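Here are some notes to read alongside the structure. Please keep the sequence and the 3D view open, and look up each residue as it comes up.

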Amino acid sequence: MHKFIMFEMKKATKSAFFYILLALLVLVVSGYFIYNYIQTERVEDLIEEAETKVSAYERRLEERGFEKGSDINDVKDPLEAREIEINLKFIERNETRLQGYENHDWKKVVGEEIKILEYYFERFPTQAEEQVYTWLTHFSREVNLERNRWLRDREIRPVFPIHEGTELTVYDEVFDSEIDEEAAHMASNIHSSSGFYFLYRLFEMLLTVFGAAFFLFLFGNVMTREGLGQNGPIHFLYTQPIRRGTVFVSKVITIALVSLLTVLGVVVFSLLLGTVFDRLGAWDYPVLIYEPEFQFSFMPMGAFLLWSALLFLMVLVFCYAWLFLFSVLARRTSIAIGLTLAVVFLGVQFNDQIIGAYNPFLYFDVYEIITLETALVQENFDINLVNGVLSLGVSSLLILSLSYFILRVRMR
């Protein structure tokens, strides 16, 4: 079996089309990294922003005839005194941030955001204090606070910006205006060229039904090139002292292994890009996980990426199972890929028509499964990673068994 798998791997990777698609993948990853690098908010820019704010507030004090360091009790007008006090507080806050940026003291930087939110929760301690689904919700503020505490306690360099307006969760459904909605989506669309965070954003784009389609094109001829029913190479293989099931199983294992190696290659390449041009980043950066009844937790980004890759590989196996079935039935690569894509896209499009946690088409939105966003929206927390792997695995096994049965009938 081992030698036959190695033989199949050489066959699967020797075509020019295979390398063209891999080159295209490298270009996509590189291009997306350049985009993230450009969009990343740099510490140098934050230093300049903080300095500008400090200067602006100091000018406001000068316009009021108040010098920084003077006694505010000397101001007789209570309204003016209140205004000066607010300006002094903003100056102090931005000077603290500035010191944190310059010294890379991330605890100090994050601490300022924590103070702002803790002050908010002193006034509005419960979700009942506001409309639940109007942005910015109490839930989103709480997530932002706990995320910043996670960063502070683990001394992790934040991915900027980190102010409360950057948090957009599934509970933020209502906006006061279209402008607010657009601003909220723009503010929450955070990029970073650090290794782990870039990989997190890259996987968000690739571990989807479109990523699965790419892999289907990559291995679309895995069965049809054997010339089923046309006296092709598979008939020669069947004259050798090997069992027919060995040929079929080795092909399944081969494309699963090559897919795994491709995903690992993307991981290594992405982390190298981030490390060389920026920094590696933090593997334990917090990723939001939804729970019932307005509860939530965080998962370290490294673990999140690992589970996401696992679920996506199971999605690929499920897609390959359909590809094998249609390859045996149609015997032409273009038809087999076309039928597989049709089943996949239609299944994903209408997955809400099949209720339950064991619908395999539910699990193509990998990130929404791992974060339990799909479970929250559908009010069914049985929709999770474990049931996803189980559902995709059992479905794939049944389809592959059917494919093998049909192949044996046709090869008699």
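1. How many aromatic pairs does a search of the whole structure find? The search gives 35 aromatic pairs. Please keep in mind that this is a predicted model. A pair of aromatic rings is described by the distance of the centres and the angle of the planes.

2. One of these pairs joins Phe 33 and Phe 277, with ring centres 5.9 Å from each other and planes at 50°, which is a tilted arrangement. Phe 33 belongs to helix H2 (residues 16-39) and Phe 277 to helix H11 (residues 244-277), so the pair links distant parts of the chain, 244 residues apart. Phe 33 has a relative accessible area of 5%, so this residue is buried.

3. A further pair is made by Phe 318 and Phe 361; here the geometry is edge-to-face, with 5.3 Å centre to centre and 80° between the planes. The angle is over 60 degrees, which is why the pair is called edge-to-face. Because Phe 318 is in helix H12 (residues 301-330) and Phe 361 is in the loop between helix H13 (333-349) and helix H14 (366-370), the pair ties together parts that are 43 residues apart in sequence. Phe 318 and Phe 361 are both buried.

4. Aromatic residues can also be followed as a group. Tyr 133, Phe 139, Trp 150, Tyr 171, Tyr 290, Phe 294, Phe 296 and Phe 298 form a cluster linked by ring pairs.

5. Next, the surface. Glu 44, Asp 45, Glu 48, Glu 51 and Glu 102 form a negative patch there. Which helix gives the most to the negative patch? The answer is helix H3 (residues 43-63), with four residues. Glu 48 is located in helix H3.

6. The surface also has a nonpolar patch of about 450 Å², made by Val 249, Ile 253, Leu 257, Leu 260, Leu 261 and Leu 264. Among them, Leu 261 sits in helix H11. Its relative accessible area is 52%, so Leu 261 counts as exposed; the cut-off for that word is over 50%.

7. Is Arg 149 buried, partly exposed or exposed? With a relative accessible area of 23%, Arg 149 is partly exposed. Arg 149 is part of helix H6 (residues 138-153).

8. Most residues other than glycine have a negative phi, and most peptide bonds are trans. The bond from Trp 135 to Leu 136 is cis, with omega near 5°, and Leu 136 lies in the loop between helix H5 (106-123) and H6. The bond from Phe 160 to Pro 161 is also cis, with omega near 0°. Pro 161 is in the loop between H6 and helix H7 (178-188).

9. Which values of phi call for a second look? Leu 372 is not a glycine, yet its phi is positive, near 65°. This residue is in the loop between H14 and helix H15 (373-377). Its relative accessibility is 17%, so Leu 372 counts as buried. Glu 379, also not a glycine, has a positive phi of about 55°, and is placed in the loop between H15 and helix H16 (385-410). With 72% relative accessibility, Glu 379 counts as exposed.

Conventions
Residues are numbered from 1 along each chain as its sequence is written. This is a predicted model: local features need pLDDT of at least 70, side-chain atom pairs count only at pLDDT 80 or more; totals for chains, interfaces and linings use all residues. Side-chain values use heavy atoms; hydrogens and water are left out. Patches are made of residues with over 30% relative accessible area and no salt bridge: like charges are joined within 9 Å, nonpolar side chains (Val, Leu, Ile, Met, Phe, Trp, Tyr) within 5 Å. Accessible areas come from the Shrake-Rupley method with a 1.4 Å probe; for residues, only the protein chains shown count as cover. A salt bridge is a side-chain nitrogen of Lys or Arg within 4 Å of a carboxyl oxygen of Asp or Glu. Lys and Arg count as positive and Asp and Glu as negative; His and the chain ends are not counted. The place of a charge is taken as NZ of Lys, CZ of Arg, CG of Asp or CD of Glu. Helices (H or I, at least four residues) and strands (E, at least two) are DSSP runs, numbered from the N terminus. Rings of Phe, Tyr and Trp (its six-membered ring) pair if their centres lie within 6.5 Å; planes under 30 degrees apart count as stacked, over 60 as edge-to-face and the rest as tilted. Buried means under 20% relative accessible area, exposed over 50%, partly exposed in between (1.4 Å probe, protein chains only).
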